[in-house]
Amino acid sequence: MLVFGFWTTKICNTRSTQQNRNVLFCLKKDPFPGEAPIPQKQLQKFQRGKKCKVPAGARERLKEAIAISEAMSEHAQKQAARYDLLLPEDAGFLEGDEDEDTNTISQADIADAVDITSGSKYFNLHLSQFGPYRLDYSRTGRNLLVGGKKGHVACIDWQTKDLKCEMNVMETVNDVKWLHTEAMFAVAQKRWLYIYDSKGVELHCVKKFNDVLRMQFLPYHFLLATASATGFLQYLDVSIGKEVAAICTKMGRLDVMAQNPHNAVIHLGHPNGTVSLWSPNQKESLVKMLCHRGAVRSLAVDKTGTYMVTSGLDRKLKVYDIRAFKPLHSCFLPAGASCLSLSQRGLLSAATGEIVQVYQNVLGSNPVSKPYMAHRLRGQIWGLAYCPFEDVLGIGHGEGFTSMIVPGAGEPNFDALDTNPYRSHKQRQEWEVKALLEKVQPELIGLDPGQLSKVDQASFEQRHKEQIEALGFDPLAKDKFKPKTKKKGRSSAGAIEKRKRKVAHEDQRDEIRQSVQERTEREKELKEKSNEKKLGNKSTLDRFRK
Amino acid sequence: MQNENLVQISFFNQLMLVHPRKKQNERSEASVQVSEYFVNAEGTGDKVNLSDLLGTVEKTSGASNKTKKQLRNLQSSKETLELPLNKQQTEKVSAEFSVQLLVSCWKNIILQNQKAEQMVFPLNQESSGPKRVEQVVAGWKVQTPLEQEIFRLLHGSRQPVNDPVLTPVEEQSLKAMSLEEAKIRRAELQKARALQSYYEAKAKREKKIKSKKYHKVQNKAKRKDFLKQFDEMVKTNPEGALEELKKMELSRMEERMSLKHQNSGKWAKSKAIMAKYDDSARKAMQEQLQMNKDLTQKMVVPSDDEHESIEEGLETVPDFVNDPETVIDPVNPWMRGQLTHEEPEVSCVTAEEVQTAEEENEEEEIIGEFERKRKLRQVVEEDVVEVSDKEEEEDEEEDVSEFNTLFRLMRSEKTREGSNQTRGGLNTAGEEDEEGLLSEGQIRVRSIEDLEVLDEVVEPRAIEEPSAPQTAAAEATSEPPHKKKREINLKEVLTKEAKAVRLPFLPTVVDEEERDEQISIIKEAFAGDDVISDFIKDKSRQEAAGRPAVVDLTLPGWGEWGGVGLKPPRWKRKRFRIKTAPPPPRQDQKLPDVIISEKRTASVASHQVSQLPFPFQNTAQFESSIRTPIGSTWNTQTVVKNMTKPKVVTKLGAIIEPMVKEDFIKSKTTSKLWLLEIGHKKKKKKLFMFLVLWGCMLVPVRFAYNSVFVLIFFYY
């Protein structure tokens, strides 16, 4: 009724045509005007860096440039946050009854309890003949590659248990690794590095890479990094088949290796208890850290490149923050961990003798208490790997291969454009082309993956210096104060000097004010710190304080 | 103001005086040829006075008294005027000014284009494709009374203007009602629409029928129907009737003009030949002539008496159409059903209300036995609803039986809820069967709303179905264990052993504090552990390598002139030692167990930006401006498109012409000339219009209508 009356009055009022028109096109009212609000939490998740403030006396063009870029990044952030709702899957978990430790629940029980498809993910392959097995899952998580010490190599679509190829290379196999697709894999054999296709046809024998013990594949760079018994770290670009870098580490036998997925830096563990970080661009290690008193046995780096977990001969398990290169916590495992692996969601699995233990919430400040799951196997464990996007842990051991269900291990939401477990043949081909086009050059590997988006400070300073020399003045410097000439005798030398001094004083005062402010802030911080020390509670972010 | 006017007048005078004509004297000699140029008029060479020009104003009656008065005032004023600038100077000034104007008017547009995120060429391109009404109308004001009238008419009808989902009336009705009512109303509306669409489809189909006879019959029926309606209209709506009359008149005029139904057509001629021998042809001819007669007959406003007579006449006309109906009348409803489907219009023509009502009832019986049974079960109020429903229903409804059932279901929903309780155990197997059949055959589920209506029908099945999967699932869950047991070797799995071995499973975890750890490492380093001391040595070596060396520039033999063994004093030696500034503190200064390489990697440098781009003043600003990646890996599709849109877009095949003023002035003014309105009716005082000549052209002064004066600036 109300609407009706409103309508008629407006229609009758012929003079206010403007209003009239407005009414005509606003017949329907949106009950939820504007865009849907986005929760602050989600927005924060997609925030990139800090907002740039427009300086006080900025030029118009600068203001505009900053405003445009800020608006764009805000838009991008909002959109990303909006689309976050398209990732609906939740991770799994395992919960015991009251007074029941989850680590006492056997795999068979879990397999019984879950649905058929998930239950079928727990299986054993009895391959006792060809010794302990190394394994690798493809990036999509569909295919499994196992390599026995005594030469047995097989690739399997482990979900359908469809054997793609199986062969014996009649040589010691040190390591196996999938390359960028399921079509190719590399096998580090006794002397050379071999590359096979998915049907087991030998494609290449790379004789430049000898005595390889461990391999890592950097998927976005198309680089196969190998660590050899002779102490060489070599990089093979599999897209062009060229050796990108060969670095002599001078650290002896390299049989512990891991990659940091965040910045494609290779971590090597050494017999002298150190872990060194390498990029193909530097002949010496980027960082060397002393982690254990004995030799390093195993290494694992988490997906975000924040944490590194190491285990050594001193039977300790240590968690490091590799952004600050500081140890977070360490624990003592009586048996010591021979193999380590981190899942996509941060579950740590450690092979202690014949037992595989899975730890939860290791990455963080709270110390390790007790395992989340445990599983006993028969032979010595040789390889551990989590299957991407699945709650499955693959274990290669002396008696073959075991696939173990670890609820909550895999990332439930996958990026179908990057790694799609369900991709078709055609999609794989398309992805391959796109991935090759987007290949990251090996020159960009470094500790800071965002290095590229920064101004080259050194050359910038150099250029700036040259410019100053050429021009005779600093173009970026703040203009020197020039006193205006005033009339009626107010521009005498003394008066000018006075005015200059006034300005200089003002500048000085500004500086002093700033320094005082800084000092007070520092003092305040110190005070807080001391307070915290007194209280004894530490936050997660404290480790960033150098 | 007055002053300005004066200046303008003086300027005008000056213009006239710029080139004073040479004085020509009258020739004294007589000659045959007299040049036209040397004819002198009276008063040649005199100055042109304002009074000369404006003398006529006094005589003209059109000019207002005010203006005349002003003019007289002007004339009487005796102020002298300043000398004008000489020609060169004026030209110079005007040229400068024009250039300035030209440049300044482009300045903004250039700046704007520079700033623009995207330029689309050719400029001022209209987007192709149909526009929405609002877009077309936006920026257009209703001004004239005619337009206002039209607008009122247009929007008075309350047709949906914007988003034609619901008309305002519909919306209001929806708002005013409760949910159930709204649902019913909606169903009604849907039904109406469906009916309309069916009707349209039917009309289309009938239009396609080629049979002339069919159409003849049809037309006749229609005419008759129309006449009947007209009679009614005369009673109820005389205005409408008058309009209809006018229409008839028009058709009469057309007939008279075209003589379509006289014996002039091809068909008529052929029939005329045949008429002698063929009876039917004769009849046809007669009919046609009758038609002509009817059509050309002058219509008179029918009085009551006439109307009666017409009715009588109509009654006498034999009704062919009724015949088939009577033939099929026998109580076989099946036959009727078929026929009505074939010739729905026929039943429409036979407007025997009672009969159709019966027919409908029977029809409904055929369509939905289920429905009827339910009706029987329903309470009396429901019946009332039904009756009112029937009245509303039209003849076309037969075609939409599906819809009807749906609609009725909707109606009955309310009462069913009540009746459900009573029904309870009474439901027999037979009924259920029927329900099932019906829902399968007749009701086509079209939308969610419809589904809701059908909920009851669907539900029993829906309940049954899940039970099957459950059992299946149970079977499935019961099956796999067998499989599992076959696959899994019991010995390997820690089933019973697990508990026994559980304690050794658990690691004895020893926690150490970070600081203790670090301290212990350092302590141990000094204790002389191999690994740690090695590491510390390595680190110190690296630190040493990083420190800059002191350069000693002392030459051998310097200061030794007095002999060997005599060393120059330290302060002298110090002058030749160059110490470079210490490097910034090492990154690993506070991390005893870490060595961070201080070497700068040059590999990335070649890809990095080394020079600050223009508007940015420091690196932080620039870095923050590029901190958001633009790739599709990190962004949504729309954002990527937005971020990577090209700066310039050109249309393929279109000629891009240089920018002209119209491109950007268009939005401000409509014409090429800048017409500056000086005065409204209030400002009529302004009398003079002068063309201010800036460049080269003289444009005649123009009057806008009724004393609105226009000053034309011309900058070209």
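## Basis of the model

The structure is a predicted model, in which local features need pLDDT of at least 70, side-chain atom pairs count only at pLDDT 80 or more, and totals for chains, interfaces and linings use all residues. Residues are numbered from 1 along each chain as its sequence is written, chains are lettered from A and ligands numbered from 1 in the order in which they are written, and side-chain values use heavy atoms, with hydrogens and water left out.

## Gly396 in chain A

Gly396(A) lies in strand 27 of chain A, residues 392–397; strands are DSSP runs of E with at least two residues, helices are runs of H or I with at least four, and both are numbered from the N terminus. Gly396(A) has a relative accessible area of 0% and is therefore buried. Buried means under 20% relative accessible area, exposed over 50%, and partly exposed in between, with a 1.4 Å probe and protein chains only.

A contact means heavy atoms within 4.5 Å. Trp382(A) is 14 residues away from Gly396(A) along the chain, and their C-alpha atoms are 5.5 Å apart.

## Backbone features in loops

Two residues of chain A other than glycine have positive phi values: Asp99(A), at about 60°, and Phe389(A), near 60°. Asp99(A) sits in the loop between helix 4 (60–83) and helix 5 (107–113) of chain A. Phe389(A) sits in the loop between strand 26 (381–386) and strand 27 of that chain. Asp99(A) is exposed, because its relative accessibility is 84%, whereas Phe389(A) is buried, because its value is 16%.

In chain B, the peptide bond from Phe121(B) to Pro122(B) is cis, with omega near -10°. Pro122(B) belongs to the loop between strand 1 (119–121) and helix 5 (133–137) of chain B.

## Lys498 in chain A

Lys498(A) is located in helix 9 of chain A, which spans residues 493–535. Its relative accessible area is 62%, so Lys498(A) is exposed.

## Chain B as a whole

Chain B has 716 residues, of which 25% are buried. Its secondary structure consists of 30 helices and 7 strands. Among contacts in chain B with a separation of 6 or more, 61% join residues 24 or more positions apart.
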